[in-house]
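Please read them with the coordinates open.

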Amino acid sequence: TVYSVPKHGFTGFHCLQLFLFVSFGFVYSTASYTDSSDDETSPRDKQQKNSKGNGDFCIKNIKQADFGRREIEIAEQEMPALMALRKRAQGEKPLAGAKIVGCTHITAQTAVLMETLSALGAQCRWAACNIYSTQNERSRVGESEDDFWWCIDRCVNVEGWQPNMILDDGGDLTHWIYKKYPSMFKKIKGIVEESVTGVHRLYQLSKAGKLCVPAMNVNDSVTKQKFDNLYCCRESILDGLKRTTDVMFGGKQVVVCGYGEVGKGCCAALKAMGSIVYVTEIDPICALQACMDGFRLVKLTEVIRQVDIVITCTGNKNVVVRENLDRMKNGCIVCNMGHSNTEIDVSSLRTPELTWERVRSQVDHVIWPDGKRIVLLAEGRLLNLSCSTVPTFVLSITATTQALALIELYNAPEGRYKQDVYLLPKKMDEYVASLHLPTFDAHLTELSDEQAKYLGLNKNGPFKPNYYR
């Protein structure tokens with residue numbers, strides 16, 4: 001499996017110093033050639049060793065190591081910035097002494113990030129932030145909720161090793177440490193968080209005066225928001241829907257809840273495929289953008305009876321509630337593209353009068369007493385990382401942003417960052433973008449001294465103010 005294998009086989013973490021990869025199922029972003037004969041055995045009950053005799057990990061099947069390594073090598077080709085950072089590591093180790101505990105989606109792309117952090121000098125322990133993003137494409141093992149928290153605890157609570165940096169996606173790891181091991185924050189230098197949900201939690205902690213270390217809001221950095229959120233979702237929404245439902249988009253009526261960057265990407269893709277797209281939005285600015293882009297702005301209740309597909313992209317809770325679900329037409333597809341699994345009130349569907357029927361992996365029919373059924377994808381969890389893949393190149397942009405945020409917080413002099421939430425410095429945003437330009441054989445124009453003086457800028461940037469989005 002991809003996280004447990006250095007370049008020349010599973011080495012016991014010798015020079016890479018990757019200490020624990022706690023992840024259930026298989027961690028491939030594409031098909032993974034599985035022997036499913038032991039699918040019924042929980043990885044927690046297995047005694048597995050790597051080639052060096054190390055057993056400090058929990059995965060489905062260590063025999064899949066070679067396939068995982070190939071997945072990593074494919075991902076490396078589309079992650080040029082991380083590979084460039086590794087070349088930098090040949091001369092310096094900006095994360096030397098860093099002990100990073102991470103909780104993100106488990107994919108081959110994340111493995112490239114982890115090995116890059118190791119090359120920069122860090123030690124890492126990792127768990128999955130989504131119970132469905134650790135799956136094998138054939139058997140779809142995944143994790144249970146109990147497995148999920150068990151993995152996080154095993155990452156954090158280990159004798160002789162304590163993290164001094166947190167990399168989180170959704171805030172669950174941060175929440176768990178606050179809840180179970182608050183004393184650990186005495187040695188933690190900072191938190192890097194990449195999701196809307198997790199950032200919201202951090203701002204809540206900050207407002208309540210309970211945030212005890214500096215935190216970096218990666219989600220709202222330009223390189224995350226304008227690339228991963230927009231371009232990634234523009235491609236992966238179609239991939240996820242096609243793989244799970246084989247739906248034809250042309251002529252379908254679709255309502256997209258939320259017109260932030262994720263919603264914008266989803267709407268653009270669906271419109272290009274010939275779908276009739278409606279948008280719901282609470283923010284008048286985003287709502288006006290939707291109107292200007294040619295979408296009909298509506299309330300969900302106005303179109304719920306007629307639409308063929310409902311997609312949530314808000315990061316909020318109870319966006320689609322039982323009343324909406326009751327009024328949907330027969331065969332309506334319901335899915336979530338936001339990080340949080342609370343956007344669709346799935347729990348309201350787990351009642352005796354409704355029948356759940358598993359159609360295929362990540363696809364359920366929820367059937368009403370009169371025979372009406374809806375098609376629920378990934379049980380309301382994140383569609384693209386639960387049901388398909390996401391483009392590696394945009395993940396490279398996000399992963400590089402995460403790496404630089406970790407380097408910044410870890411090396412910041414005492415007092416630069418208070419116990420608050422910060423955005424990535426704009427100079428770093430621009431650096432992330434510049435590392436990806438060579439892929440396109442792109443050539444930046446340089447300011448003359450006169451032009452730089454006229455604009456009041458440094459010739460080498462930053463070219464935009466920190467508030468620019």
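1. A word on terms comes before the residues. Buried means under 20% relative accessible area, exposed means over 50%, and partly exposed is what lies in between. The model is a predicted one. By the cut-off of 20%, Tyr-417 is buried, because its relative accessible area is 15%.

2. Overall make-up. The chain has 15 helices and 15 strands. Of its 469 residues, 56% are buried. The accessible surface of the chain is about 20,600 Å², and carbon and sulfur atoms hold 51% of that. Among contacts with a separation of 6 or more, 72% are between residues 24 or more positions apart.

3. Aromatic pairs. Two rings are paired here if their centres lie within 6.5 Å. By this rule the model has 7 aromatic pairs. One of them joins Tyr-178 and Phe-185, with 4.3 Å between the centres and 35° between the planes, and it is classed as tilted. Why is it not called stacked or edge-to-face? Stacked requires planes under 30 degrees apart and edge-to-face requires over 60, so an angle of 35° falls into the tilted class. As for accessibility, Tyr-178 is partly exposed at 21%, whereas Phe-185 is buried at 5%.

4. A second pair. Tyr-417 and Tyr-422 are 4.8 Å apart, centre to centre, with 75° between the planes, and the pair is edge-to-face. Which side of the burial cut-off does each ring residue fall on? Tyr-417 is buried at 15%, and Tyr-422 is partly exposed at 21%. The cut-off of 20% lies between these two values, so the two residues receive separate labels.

5. A cluster. Phe-148, Trp-149 and Trp-176 form one aromatic cluster.

6. Charges over rings. Where does the charged end of Arg-125 sit? It sits over the ring of Trp-161, at 5.4 Å from the ring centre. Arg-350 likewise lies over the face of Trp-356, with a distance of 4.2 Å to the ring centre.

7. A strand residue. Thr-280 is in strand S8, which covers residues 276-280. Thr-280 has a relative accessible area of 12% and therefore counts as buried. Leaving aside residues up to four places away in sequence, Thr-280 touches Val-255, Val-256, Cys-257, Gly-258 and Tyr-259, and also Leu-297, Val-298, Lys-299 and Leu-300.

Definitions and conventions:
Residues are numbered from 1 along each chain as its sequence is written. This is a predicted model: local features need pLDDT of at least 70, side-chain atom pairs count only at pLDDT 80 or more; totals for chains, interfaces and linings use all residues. Side-chain values use heavy atoms; hydrogens and water are left out. Rings of Phe, Tyr and Trp (its six-membered ring) pair if their centres lie within 6.5 Å; planes under 30 degrees apart count as stacked, over 60 as edge-to-face and the rest as tilted. Buried means under 20% relative accessible area, exposed over 50%, partly exposed in between (1.4 Å probe, protein chains only). A charge sits over a ring if NZ of Lys or CZ of Arg is within 6 Å of the ring centre and within 35 degrees of the ring normal. Helices (H or I, at least four residues) and strands (E, at least two) are DSSP runs, numbered from the N terminus. Contact means heavy atoms within 4.5 Å. Accessible areas come from the Shrake-Rupley method with a 1.4 Å probe; for residues, only the protein chains shown count as cover.
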